[in-house]
Amino acid sequence: MLTASKRRLAQLFAAVLSNSHLSGFLSLNLYQGPLKGLCIPFLNCYSCPGAVAACPLGSLQSMLAEVPHRLSLYVLGLMTFTGALAGRFICGWLCPFGLLQELVARVHHRKFPLPKVLTRLKYLFLILALALPVLILQVGGTGEPYFCKFICPAGTIEAGLPLGLGRPELRGLLGGLFLWKAAILVLFLVAMVFLYRPFCQLACPLGTFYGLCNRFSLWRLEVAAGCEHCGQCRQSCPLKIPVDLSPNSAECIRCLLCRDACPRGLISFDRCASVSNHGSTHEMFD
Amino acid sequence: MSRRFSIALITAGLLLIALGLCSGDVARVLIKAQRFCLECIGIG
């Protein structure tokens, strides 16, 4: 089976498994069993009627926002563990919102590259997502999960639309914030047609964290000696990363298309050797 | 970065998970995740 097919199957499996409370989609009630205390390592809103586990980003922000402000060691540990294991492999192979972006992207074949300076915005989003719940406090001293509240399009599509429009008692409470979030969602949906995974490239704090781990992860891309820099890997990469020069770029979601494209089979995704021959200090942010 | 550094990070992650489990983080996550997140829905 081709890597692309395997990846699509893995994405579908993760999306179905993490949203397997199917009756929730009909009753519009949340799953409230004990599994909901467990975080999955990818973005999946815990207020989605089908969600059976918690979103790490939402959980981290919510705990930072409450009084006393707490950094959830459990969620941070999970993110560090999965990031150190395989970096953004989670984004490429498991994230349901990543799957949605790829499905919408099929509408239009040609994708435009984003200027590098815009892709750096996601570092700002990561910092703000973690800092604002502690810095901007409401009455009573509590903060809010501001990224979920003002930006997260995954929350809007998975929770906001079904619950906000489906439950009459919540429908009455919708106002300017819901319209703002709906506009952000529409903006990203339109961007998905012309850009490859725009939310991952521009805004996802979780993907940004995993991206920073790409260079340190145990499983990483390696280019064996003998590469003639033919450019096939770059051409096959949906993000146009020069894999031959920067195999563990923070932008790489490890879809592994480059591995299949290399005519000499020099690219591998494997446990790293004791000392890596590839990668430089600037690679982390490339 | 060496393999040893990756393994140290993985171990640190596991250690943090263990510390979190001991300090009741899962119960806190559970309480948050069982309720409607009004911010996620767009109410507030």
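## Helices α3 and α4 of chain A

In this predicted model, the axes of α3(A) and α4(A) come within 9 Å of each other and cross at roughly 145°. Axes are lines fitted to C-alpha atoms, for helices over the stretch in contact, with angles running from 0 to 180 degrees between N-to-C directions. Helices (H or I, at least four residues) and strands (E, at least two) are DSSP runs, numbered from the N terminus. The crossing of α3(A) and α4(A) is left-handed, a term for a near helix turned anticlockwise from the far one by less than a right angle, with right-handed meaning clockwise.

From α3(A), the contact is made by P56(A), S59(A) and L60(A), and from α4(A) by V75(A), L78(A) and M79(A). Two residues are in contact if their C-beta atoms, placed from the backbone, lie within 7 Å. By class, the residues of this contact are five nonpolar, one polar and no charged. Nonpolar covers Ala, Val, Leu, Ile, Met, Phe, Trp, Tyr, Cys and Pro; charged covers Asp, Glu, Lys and Arg; the others, Gly among them, are polar.

## Numbering and confidence

Residues are numbered from 1 along each chain as its sequence is written, while chains are lettered from A and ligands numbered from 1 in the order in which they are written. Local features of the predicted model need pLDDT of at least 70, and side-chain atom pairs count only at pLDDT 80 or more, whereas totals for chains, interfaces and linings use all residues.

pLDDT is the predictor's confidence in each residue, from 0 to 100. Its average over chain A is 94, and 95% of the residues score at least 70. Over residues 276–282 of chain A, pLDDT stays under 50, and the model has seven contacts beyond four places in sequence for this stretch.

## Helix α14 of chain A

Helix α14 of chain A spans residues 205–213, and eight of its nine residues are buried. A residue is buried if 20 or more other C-beta atoms lie within 10 Å of its own, exposed if 12 or fewer, and partly exposed in between, with C-beta atoms placed from the backbone. The buried residues of α14(A) are P205(A), L206(A), G207(A), T208(A), F209(A), Y210(A), G211(A) and C213(A). They pack against α3, α4, α5, α8 (121–135), α9 (146–150) and α13 (198–202) of chain A.

## Domains of chain A

The domain assignment, automatic or from a database, divides chain A into domain 1 (3–134 + 141–211) and domain 2 (218–273). Their centres, taken over C-alpha atoms, are separated by 27 Å. Domain 1 of chain A puts 17 residues into the contact and domain 2 of chain A puts in 16. On the domain 1 side, α1 (3–18), α4 (73–86) and α5 (89–93) of chain A each supply at least two residues. That side has nine nonpolar, five polar and three charged residues.

Chain B has three helices and zero strands. Its C-alpha atoms fill a box of roughly 45 × 25 × 10 Å along the principal axes, and 45% of its 44 residues are buried.

The contact between the chains takes 35 residues from chain B and 51 from chain A. On the chain B side, α1(B) gives the most, with 15 residues. That side divides into 22 nonpolar, eight polar and five charged residues.

## C272 of chain A

C272(A) lies in the segment after β2 (267–271) of chain A. C272(A) counts as buried because it has 23 C-beta neighbours inside 10 Å. Not counting residues up to four places away in sequence, C272(A) touches L218(A), R220(A), R3(B) and S6(B).
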